[in-house]
Amino acid sequence: MCYKTHEEDDDLAYFDCLPDALLLLIFNKLHDLKSLTNCLSVSKRFRSLVPFTDTIFISIPPLPKPSNIAASYINNTLRQVFHNLFLKPLRCFHRLMAPPKSTTMSFDISCCHSNGVLRIFKEMKSLHLELPLHGDGELGSSNGASFLQWKADFGSNLRTCIIVGATSFQKCNTFSSSAICSQRKEERIFMEETVLNDDELKLRVIWTISCLIAASTRQYLLKQILADNPNIPMLERVVISDANKQGMFSMGKEELVEMRNSINTKQEASSSSMERSPVPEVNMKLWYLPILDLPDSGYVMKGATLVLIRPVVDGMIENNSDDPLVGDEKPFTEAVREMSKVKKSYLMTMSSF
């Protein structure tokens, strides 16, 4: 406990009165890497306590001159894939080719390297990385998606991916939303019988591939970080999101142990010319509604689409009895809940790429 007289008021460092446990609680609430790094220079006491922070958030900066090679390659590859996709069975995805070796990530992860500032947090349990805005706009915006969000759960490979997309996403008029929603409920049975035409289905498979590429890129990034930082064995939770809030990659304690056990850094470096992990053979289940009202969120989706993706293991679809992976974003969660009620769905299998 700190004791002071009136004369000492101006000279008293009030933070010196706080116990270490309370300071660590403050640092964990602060959790931003840049702010924590600045705290290292405040005092010797701060410098000794900051490394014990167990919750870290890092906003990854973009490179000064980001390259557009990767985005151009993905767009060209998608066109080539879908040129062949509907001339041949859907299982032709193995023809997807790797990007050129000169392709580089468009963000700076130097702070996560073995000699970066991340190395000082040896008791880190939770890590959240936020990637910068994409130079070419939001994912799917060039392919007709007004709304496109995804969430993926990984171990050593993809476990579950949920994608919600729409060709139009607009705020619902507050005064007329109740009447519109009531009318649409009567039309729901009719809309559920609507069949996607070939072009609409192609568009949604493009969205799916774009999201899977983004998710596998984040898995590759995390593998690099874990390989470069073997001194953070206490890590129990990793989230990799983006400034657009379009996609969320997540891993828990068991999944991180599984990934660590699967990492072979020499093999990864020598065998992979892609800056992403391979996507395994997966099963896709797709739901579609021409119009979807989201009364709780106050939005209306047109061309609403939900895709549930799970891997195929030894010829069998790996199923998970848990609820679908959802997040905190209200429109995404509500759309998943409402779309999963639709009886009509499409089943597809996508080969590894």
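**Side-chain contacts in the predicted model**

Lys 151 is placed over the face of Phe 332, at 5.1 Å from the ring centre. This contact, like the others described here, is taken from a predicted model. A further contact of this kind involves Lys 344, whose charged end sits over the ring of Tyr 346 at 5.7 Å from its centre.

Contacts between aromatic rings were examined next. A pair of aromatic rings is described by the distance of the centres and the angle of the planes. Across the whole structure, four aromatic pairs were found. In one of them, the ring centres of Phe 27 and Phe 46 are 5.3 Å apart and the planes stand at 85 degrees, so the pair is edge-to-face; the angle required for this class is over 60 degrees. This pair links distant parts of the chain, with Phe 27 located in helix α1 (residues 20-30) and Phe 46 in helix α3 (residues 44-49), 19 residues apart. Phe 27 is buried, its relative accessible area being 3%, and Phe 46 is likewise buried, at 11%.

A stacked arrangement is found for Phe 169 and Tyr 299, with 4.3 Å from centre to centre and 10 degrees between the planes. This pair also joins distant parts of the chain: Phe 169 belongs to strand β5 (residues 168-171) and Tyr 299 to strand β9 (residues 299-313), and 130 residues separate the two. Tyr 299 counts as partly exposed, with a relative accessibility of 22%. Phe 169 and Tyr 299 are also members of a cluster, in which ring pairs link them with Phe 147.

Eight salt bridges are present in the structure. One of them joins the side chains of Arg 45 and Asp 20, with an N to O distance of 2.7 Å. The two residues lie in distant parts of the chain, Arg 45 in helix α3 and Asp 20 in helix α1, 25 residues apart.

A second bridge is formed by the side chains of Glu 258 and Arg 159, at 2.3 Å from N to O. This pair connects helix α7 (residues 253-262), which holds Glu 258, with strand β4 (residues 158-166), which holds Arg 159, across 99 residues of the chain. Glu 258 is partly exposed at 28% relative accessibility, and Arg 159 is partly exposed with a relative accessible area of 28%.

Salt bridges also link Asp 296, Arg 337, Glu 338 and Lys 341 in a network. Within this group, the closest N and O atoms of Glu 338 and Arg 337 are 3.7 Å apart. Glu 338 counts as buried, at 15% relative accessibility, whereas Arg 337 is partly exposed, at 37%.

The cysteines were considered last. A disulfide is a covalent bond between the sulfur atoms of two cysteines. The count of disulfides in the model is zero. For Cys 211, the closest cysteine sulfur is that of Cys 161, at 6.4 Å, which is too far for a bond because a disulfide requires sulfur atoms within 2.5 Å. Cys 211 is buried, with a relative accessible area of 0%. Cys 39 also counts as buried, at 12% relative accessibility.

Terms used
Residues are numbered from 1 along each chain as its sequence is written. This is a predicted model: local features need pLDDT of at least 70, side-chain atom pairs count only at pLDDT 80 or more; totals for chains, interfaces and linings use all residues. Side-chain values use heavy atoms; hydrogens and water are left out. Rings of Phe, Tyr and Trp (its six-membered ring) pair if their centres lie within 6.5 Å; planes under 30 degrees apart count as stacked, over 60 as edge-to-face and the rest as tilted. Helices (H or I, at least four residues) and strands (E, at least two) are DSSP runs, numbered from the N terminus. Buried means under 20% relative accessible area, exposed over 50%, partly exposed in between (1.4 Å probe, protein chains only). A charge sits over a ring if NZ of Lys or CZ of Arg is within 6 Å of the ring centre and within 35 degrees of the ring normal. A salt bridge is a side-chain nitrogen of Lys or Arg within 4 Å of a carboxyl oxygen of Asp or Glu.
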